[in-house]
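Here is a set of exercises to work through with the model open beside you. Try each task on your own before reading its solution.

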Amino acid sequence: MLAPEAERNIARARAPEPQTMSSSDSISHAASAEDASGGPRRLAIVTGASAGIGAAFAERLARDAYDLVLVARRRDRLDALAERLVRAHERRVEVLVADLGSDDGVRAVEARIAAEPSLELVVNNAGFGTSGAFVDLDRDAEADEVRLNVLALLRLTHAAVAAMQPRGHGSVINVSSLAGFQPAPFNATYAATKAFVNSFTQAVSEELRGTGVRLQLLCPGFTRTEFQEVAGVRTDDLPEFAWMSAEAVVEISLEALRRGELLVIPGGGNKVIGALFRAMPNSVARRLGAALLRRTLAGS
Ligand SMILES: NC(=O)c1ccc[n+]([C@@H]2O[C@H](COP(=O)([O-])OP(=O)(O)OC[C@H]3O[C@@H](n4cnc5c(N)ncnc54)[C@H](OP(=O)(O)O)[C@@H]3O)[C@@H](O)[C@H]2O)c1
């Protein structure tokens with residue numbers, strides 16, 4: 001049972017689920033320019049907050065006194081997280097159920113970004129991967145992957161930067177992957193979507209130099225989340241040291257954000273792999289990748 005104050009702090013969706021799958025309630029008590037401790041309000045919007053790295057971002061940001069808008073498709077997960085954060089940290093937390101693979105879902109989040117003057121941070125984290133020989137993969141799922149990992153991220157970055165630039169402050173963290181540094185046979189579409197995120201984020205970051213608005217390109221390696229299961233990747237051969245926790249990835253990202261770093265590769269081992277990937281000739285990376293990634297396919 002939540003305290004009445006906590007109950008007020010959670011925005012719950014009451015409307016029936018619309019077909020486009022994007023719905024949220026407005027925050028149920030009047031917005032104020034200050035938070036409970038008298039400091040200015042800071043709001044963060046986290047996509048893909050129902051699991052993994054996004055949920056870890058939400059937890060950490062609530063602890064850092066951010067109010068939150070949590071975005072994903074699974075309402076039950078988001079509601080449970082929101083309740084926990086309100087109870088533990090007494091922040092205002094809104095749940096925005098949206099399928100970011102749909103135009104309506106993305107537009108709902110764009111509208112939320114534009115409407116919130118205290119928005120300080122957008123974490124474009126929602127994403128998924130597919131694995132297998134490209135020709136064998138479902139064409140619609142491959143297209144959905146591009147819609148989510150590329151188009152939604154592009155649109156939400158644009159919405160965030162357009163809102164933040166006139167205010168002269170704000171940040172966007174775009175969650176990419178080590179996989180974005182080289183073509184990855186058997187993860188072809190996934191790696192290509194992350195290559196887009198790498199190039200795009202670095203280029204826009206340069207355009208924003210001197211504006212007070214900062215972008216971060218976060219490139220994790222293997223992180224313990226639901227990602228591998230969703231992607232159908234077998235990871236039982238991977239040694240324990242190859243993995244990081246979502247919490248550790250988030251800790252490093254937010255520490256780097258405070259220092260204003262653009263490219264963030266969490267973990268010493270991942271930094272070495274990232275450097276090797278970038279130095280390696282493309283032809284070598286393709287062949288090595290094909291040999292290694294073939295072994296990670298479920299059922300192989
Ligand atoms: N885990 C890794 O090893 C790893 C490594 C490098 C990079 N990354 C990147 O890290 C990011 C987060 O992944 P994760 O590892 O935390 O995976 P995860 O545990 O599977 O979480 C993915 C999140 O994305 C959301 N999502 C998926 N499809 C969506 C859609 N159409 N609309 C809105 N939300 C959607 C999911 O929520 P719903 O299902 O509730 O919508 C979930 O909250 C991804 O961009 C991924 O590419 C992960």
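Two conventions come before we start. Residues are numbered from 1 along each chain as its sequence is written. This is a predicted model, in which local features need pLDDT of at least 70 and side-chain atom pairs count only at pLDDT 80 or more, while totals for chains, interfaces and linings use all residues.

**Exercise 1. The whole chain**

Task: Work out how many helices and strands the protein chain has, and what percentage of its residues count as buried.

Solution. Start with the DSSP runs, numbered from the N terminus: a helix is H or I over at least four residues, and a strand is E over at least two. On that basis the protein chain has 10 helices and 11 strands.

Next, burial. A residue is buried if 20 or more other C-beta atoms lie within 10 Å of its own, exposed if 12 or fewer, and partly exposed in between, with C-beta atoms placed from the backbone. Of the 300 residues of the protein chain, 41% are buried.

Finally, contacts, which join two residues whose C-beta atoms, placed from the backbone, lie within 7 Å. Taking contacts between residues at least 6 apart in sequence, 70% join residues at least 24 apart.

**Exercise 2. The nonpolar core**

Task: Find which residues have the most contacts inside the largest nonpolar core.

Solution. A nonpolar core is a set of buried Ala, Val, Leu, Ile, Met, Phe, Trp, Tyr and Cys residues joined through C-beta atoms within 7 Å. The largest one has 70 residues, and V46, A58, L68, L70 and V71 have the most contacts inside it. Now follow V71: leaving aside neighbours within four places in sequence, its contacts are I45, V46, T47, A49, L96, A98 and V109. As background, nonpolar side chains tend to be buried together in soluble globular proteins.

**Exercise 3. Helix α2 and what follows it**

Solution. First check the length. The expected span of a helix is 1.5 Å times one less than its number of residues. The 12 residues of α2 should therefore span 16 Å, which agrees with the 17 Å between its end C-alpha atoms.

Then count burial: 10 of the 12 residues of α2 are buried, so the helix is largely enclosed by the rest of the structure. Among them are F57, A58 and E59.

A65 lies in the loop between α2 and β4 (67-72), and has a positive phi of about 70° although it is not a glycine. A65 is partly exposed because 15 other C-beta atoms lie within 10 Å.

**Exercise 4. Helix α5**

Task: Locate the residue where α5 bends, and list what covers its buried residues.

Solution. The 26 residues of α5 (residues 139-164) should span 38 Å, and the end C-alpha atoms are 36 Å apart, which agrees. The bend at a residue is the angle between axes fitted to the seven residues ending there and the seven starting there; at R147 it is about 30°. The buried residues of α5 include L148, N149 and A152. What covers the buried residues includes β3 (43-47), α4 (103-115), β6 (119-124), β7, α6 and β8 (213-218).
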